[in-house]
Amino acid sequence: MAPYGNTVGLAGFLGATAILAGAFGAHGLKQRGVEENLVKAWETGAHYQLAHAVVILALPKTKRSGLTTTLFVAGTLLFSGSLYLMVLTGNRKLGIVTPVGGVSLALAWFSLMF
């Protein structure tokens, strides 16, 4: 499969799972009585995941699509994934991973400049 097809498929997967995560956050977490601040953290993860899934769709048209895609995907998994795990496990120490994902996302955006 061509690299473009892989990128579109990856964006589709991240987008679809972001929608499912958002729905679970809005309905499943609130029904289970999860603390409001943790529900907000979950919503932030889903929002960032969806936003960056959309961005990934355009990356095959960029100069450094491989590097930028890797940074966006790694950043999304680390940022959103750490928030999801923190909420599901109650282990707030997992929040230390979130900024690492944020840095990866910022580097991905910066990589588009060159």
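Student: Among contacts between residues at least 6 apart in sequence, what share joins residues at least 24 apart in the protein chain?

Tutor: A contact means heavy atoms within 4.5 Å. In the protein chain, 71% of the contacts between residues at least 6 apart join residues at least 24 apart. This is a predicted model, where local features need pLDDT of at least 70 and side-chain atom pairs count only at pLDDT 80 or more, while totals for chains, interfaces and linings use all residues. Residues are numbered from 1 along each chain as its sequence is written, and side-chain values use heavy atoms, with hydrogens and water left out.

Student: How many helices and strands does the protein chain have?

Tutor: Helices (H or I, at least four residues) and strands (E, at least two) are DSSP runs, numbered from the N terminus. Here there are four helices and zero strands, in the order α-α-α-α from the N terminus.

Student: How many aromatic pairs are there?

Tutor: Rings of Phe, Tyr and Trp (its six-membered ring) pair if their centres lie within 6.5 Å; planes under 30 degrees apart are stacked, over 60 edge-to-face, and the rest tilted. That rule gives four aromatic pairs. One of them is Tyr48 with Phe79, stacked because the ring centres are 4.4 Å apart and the planes lie at 20°. Tyr48 belongs to helix H2 (residues 36-58) and Phe79 to helix H3 (residues 65-89), so this pair ties together parts 31 residues apart in sequence.

Student: Are Tyr48 and Phe79 buried or exposed?

Tutor: Buried means under 20% relative accessible area, exposed over 50%, and partly exposed in between (1.4 Å probe, protein chains only). Tyr48, at 34%, is partly exposed, whereas Phe79, at 12%, is buried.

Student: What is the geometry of the pair formed by Phe72 and Trp109?

Tutor: Phe72 and Trp109 are edge-to-face, with 5.3 Å from centre to centre and 85° between the planes. The pair links distant parts of the chain: Phe72 sits in helix H3 and Trp109 in helix H4 (residues 98-111), 37 residues apart. Phe72 is buried, at 0% relative accessible area, and Trp109 is partly exposed, at 43%.

Student: Which residues form one aromatic cluster?

Tutor: Phe24, Trp42 and Tyr84 do.

Student: What radius of gyration does the protein chain have?

Tutor: The radius of gyration is taken over C-alpha atoms, and the globule rule is 2.2 Å times the number of residues to the power 0.38. For 114 residues, a compact globule would be near 13 Å; the protein chain has 15 Å, which agrees. Its C-alpha atoms fill a box of roughly 45 × 25 × 20 Å along the principal axes. Of the 114 residues, 37% are buried.
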